[in-house]
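Visitor: Hi, I've got a new protein model open. Could you walk me through it?

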Amino acid sequence: MNAVDDYQFETSQKELADGILKQAALDLRRFNGATSALEREFYLDAHQWITSDDCSWPFSFLNVCQTLNLAPGTVRGDVLGDLSLGTFGYWTRRCGRAARRFKTVLGNSFTNERNANAAESVT
């Protein structure tokens with residue numbers, strides 16, 4: 001494999017890992033308190049996957065966290081903690097996270113622009 005193939009493989013692997021983690025979190029939220037057998041099975045599968053410490057298969061929870069450079073304990077706490085919030089609390093927390101990320105990105109872009117302008121004025 002060459003460098004481009006390595007990059008594409010790594011990117012694809014990260015996208016798949018991210019999708020698996022998001023789907024598990026969605027299944028936990030969507031099927032929390034489910035009454036049908038199928039929906040309950042979706043919930044239990046997602047819960048067992050997130051709480052498992054098995055790393056024997058490539059897309060286990062621990063390996064997904066490692067691929068995404070995330071701390072498993074923090075992810076577990078966030079995902080399982082969101083279950084007790086209810087719909088309003090969940091969306092409030094999610095919007096707060098998005099606002100903080102946006103603030104960081106916006107702040108970084110202004111800092112980068114300021115640094116670029118300072119570098120131009122020196123040259």
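**A first look**

Guide: The protein chain has five helices and zero strands, where helices (H or I, at least four residues) and strands (E, at least two) are DSSP runs numbered from the N terminus. This is a predicted model: local features need pLDDT of at least 70, side-chain atom pairs count only at pLDDT 80 or more, and totals for chains, interfaces and linings use all residues. Residues are numbered from 1 along each chain as its sequence is written, and side-chain values use heavy atoms, with hydrogens and water left out.

Visitor: How many residues are in the largest nonpolar core?

Guide: That core has 18 residues. A nonpolar core is a set of buried Ala, Val, Leu, Ile, Met, Phe, Trp, Tyr and Cys residues joined through side-chain atoms within 4.5 Å; buried means under 20% relative accessible area (1.4 Å probe, protein chains only).

Visitor: Which element gives the largest share of it?

Guide: α1 does, with five residues.

Visitor: And what does Leu21 touch?

Guide: Leaving out residues up to four places away in sequence, Leu21 touches Trp49, Phe61, Val64, Leu68, Leu70 and Val75.

Visitor: New topic: how many aromatic pairs are there?

Guide: Two. Rings of Phe, Tyr and Trp (its six-membered ring) pair if their centres lie within 6.5 Å, and planes over 60 degrees apart count as edge-to-face. Trp49 and Phe61 make an edge-to-face pair, 5.4 Å centre to centre with 85° between the planes. Trp49 sits in helix α2 and Phe61 in helix α3, so the pair ties together parts 12 residues apart in sequence.

Visitor: Is Phe61 buried or exposed?

Guide: Buried, at 1% relative accessibility. Trp49 is buried too, at 12% relative accessible area.

Conventions. Buried means under 20% relative accessible area, exposed over 50%, partly exposed in between (1.4 Å probe, protein chains only). Contact means heavy atoms within 4.5 Å. Rings of Phe, Tyr and Trp (its six-membered ring) pair if their centres lie within 6.5 Å; planes under 30 degrees apart count as stacked, over 60 as edge-to-face and the rest as tilted.
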